[in-house]
Amino acid sequence: MDIREYLKENILLFDGSMGTYFSQKNHMSGMSCEMAVLRQPDLISEIHKEYLEAGCKAIKTDTFAVNCVQFQGDEELVQRVIRAAWELASAAAAEYDAYVFADVGPLGGLPEELSAFEEYRFVADQFLELGARHFLFETNSDTEGLREAAEYIREKSPEAYIIVSFAVQADGYSRDGIWAADLFEAIRGCAAVDALGLNCVCGARHMLELVQEMDHEGITLSLMPNAGYPTVVNNRTFYEGDPHYFASQLQEMAAEGAGILGGCCGTMPVHIEMVREALRTGSQLKAASVRTTSEKLPCEEAAESLFWNKLQAGEKVFAVELDSPADANMVKFMKGAWELKGAGADIITIADCPIARARMDSSLLACKIRRELNMDALPHMTCRDRNLNATKALLFGLYAEGIRNVLLITGDPIPTAERDEVKSVYQFNSRKLAAFVTSLGKKSLPGPFHLFGALNVNARNFDVQLRLAKEKAEKGMVGFLTQPILTEQAFENLKRARKELDARMLGGVIPVVSARNARFMDSEINGINVDPKITELYEGKDRAEAEHLATEISVEIMRRISPYVDGYYLMTPFGRTGLIAGILEEFRNI
């Protein structure tokens with residue numbers, strides 16, 4: 001029977017997790033279940049048949065992680081594994097009159113220069129040549145390449161049935177920081193996609209609650225939750241969710257309108273058997289669904305951002321960066337912050353462990369400035385050291401403390417020699433982080449953060465910088481702080497950015513304090529170029545003379561960039577807040 005006809009009268013029940021069950025039954029440690037289609041085909045065939053015996057009507061090919069990205073470009077091996085997996089699944093399904101779905105997992109670790117669509121197309125071509133007509137794109141955290149892949153398959157095979165499924169956490173966000181409803185909306189209008197759904201990461205109850213919050217009218221809904229949440233024992237992952245409870249939750253999903261059900265991590269044949277029985281008998285649900293609400297609860301409103309208000313009013317603002325302490329002593333830092341406030345700084349910006357070296361946390365210091373100085377602070381937030389959960393928790397705390405402005409950057413990489421000791425997270429880049437924080441402001445907070453980004457006007461290929469900046473603005477960034485402008489090329493790039501970017505611009509200014517300092521920044525600090533003519537001016541100058549020269553040069557740079565910026569971003573060298581205060585005073589006097 002055509003699958004569309006089947007779905008008109010029936011709920012389509014899928015199998016459970018090949019990976020979990022394979023790990024339980026396999027006695028050859030270290031083997032992935034995908035490679036087992038070549039090395040242990042009888043075991044894979046046995047698992048397929050156990051799920052079919054349990055009552056599922058659709059099984060997935062054992063190809064979740066089979067693509068050129070995961071197989072390091074070995075196209076021949078990808079083809080062999082797909083063929084073997086297809087033949088095993090097809091043979092098992094034929095005995096039980098079941099449907100076979102070509103299982104296509106996410107392209108984890110796809111380099112930015114590669115096309116997601118091209119990778120999906122290669123995998124799809126292998127399945128299409130074998131006769132596949134049903135496709136499941138599962139466990140996705142974004143939508144890159146999915147519409148194009150579905151449309152390509154539909155063009156090649158007009159009768160193909162295509163499911164696209166996303167993996168989101170219990171709070172509704174994917175690992176890339178995209179809200180579940182936004183993921184659905186991005187694919188919803190694609191005529192080539194027959195069903196949309198969620199799978200993995202969530203347990204059944206949380207997935208049910210997420211679906212109840214979302215608008216899924218007119219969608220054939222596919223839901224495949226995990227069997228609860230994992231525990232780790234002796235470096236092995238276990239799921240201990242009760243099959244009866246799992247079945248009761250999927251029964252509620254059916255009542256919610258899901259037309260396709262199944263299981264993901266931790267679900268075994270017994271779980272599928274229980275679901276089949278619950279759907280067959282239609283027994284009374286144990287409890288009414290407890291619907292959650294996205295309504296925002298009232299909370300105490302923190303003081304508004306004077307810095308942001310000035311920007312909106314068209315007034316030039318002064319942002320000053322002050323390095324956080326490299327130890328637990330914040331006396332000098334706070335003294336400097338007080339001095340900068342007195343000098344007229346509108347906001348203190350604090351880097352997040354620059355050059356990947358640990359310093360006092362920028363967010364904690366921002367909260368302290370907000371409380372004790374009653375002054376705006378702009379903490380930098382990198383993607384380097386926090387995953388999505390840690391970032392979300394930190395943002396909640398910042399908002400509660402009255403911080404309304406955040407600068408988002410990808411972050412300097414940790415030096416290679418230290419990677420065995422300190423691991424970078426890099427779960428997302430600054431563009432994805434901006435989209436996540438923007439969504440958070442709409443759905444989970446009383447109001448938004450004002451998001452800023454970095455713009456490297458010293459980049460050799462400034463076209464790339466502008467393209468990335470435009471993408472950041474599309475994701476919710478409202479302004480950019482530029483790298484220091486100490487060359488003619490940087491000035492020209494700033495003028496171009498002002499013309500092409502629809503965002504606030506704060507021009508970067510860093511006082512050069514010596515010829516040695518100039519050479520160091522030009523040679524060793526990424527994103528800073530110093531005109532050799534400026535370096536020459538400092539030769540032979542003592543500290544007092546150099547600071548006087550620094551003031552003159554910095555004020556002249558600020559005067560020159562003034563028509564092209566909404567404010568000024570001054571970086572404090574070596575904690576010399578007195579120098580910055582002098583520059584601010586001198587600039588106001590011109």
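The questions and answers below concern a predicted model of one chain.

Local features need pLDDT of at least 70 and side-chain atom pairs count only at pLDDT 80 or more, while totals for chains, interfaces and linings use all residues. Residues are numbered from 1 along each chain as its sequence is written, and side-chain values use heavy atoms, with hydrogens and water left out.

Me: How many helices and strands are there in the chain?
Reply: Helices (H or I, at least four residues) and strands (E, at least two) are DSSP runs, numbered from the N terminus. The C-alpha trace spans about 90 × 55 × 45 Å along its principal axes. The chain holds 22 helices and 18 strands.

Me: What share of the residues of the chain count as buried?
Reply: Buried means under 20% relative accessible area, exposed over 50%, and partly exposed in between (1.4 Å probe, protein chains only). The chain has 590 residues, and the share of them that counts as buried is 55%.

Me: Which strands form the closed barrel?
Reply: Two strands pair if DSSP finds at least two bridges between them. The barrel is closed, has 8 strands and shows parallel pairing; its order is E11-E12-E13-E14-E15-E16-E17-E18.

Me: Which residue in E16 is the bridge partner of Phe-452?
Reply: Strand E14 (residues 405-409) is joined to E15 by 3 bridges, and Phe-452 of E15 is the partner of Leu-407. On the other pairing, 5 bridges join E15 (residues 450-455) to E16 (residues 477-484). In E16, the partner of Phe-452 is Gly-479.

Me: At what angle to E16 does helix H17 run?
Reply: Axes are lines fitted to C-alpha atoms, for helices over the stretch in contact (heavy atoms within 4.5 Å). Angles run from 0 to 180 degrees between N-to-C directions. Helix H17 (residues 462-474) lies across E15 and E16, and its angle to E16 is about 150°.

Me: Why does Ser-430 count as buried?
Reply: Ser-430 is found in helix H16 (residues 430-443). Leaving aside neighbours within four places in sequence, its contacts are Cys-383, Leu-408, Ile-409, Thr-410, Lys-472 and Met-477. Ser-430 counts as buried because its relative accessibility is 3%.

Me: Which residue has its backbone nitrogen 3.0 Å from a polar atom of the side chain of Asp-242?
Reply: Asp-242 lies in the loop between strand E9 (236-239) and helix H10 (243-256). Asp-242 counts as partly exposed because its relative accessibility is 40%. The backbone nitrogen at 3.0 Å from its side chain belongs to Tyr-245.

Technical notes. A polar contact is a pair of N or O atoms within 3.5 Å; within protein, one must be able to donate a hydrogen and the other to accept it, and residues adjacent in sequence count only if both atoms are side-chain atoms.
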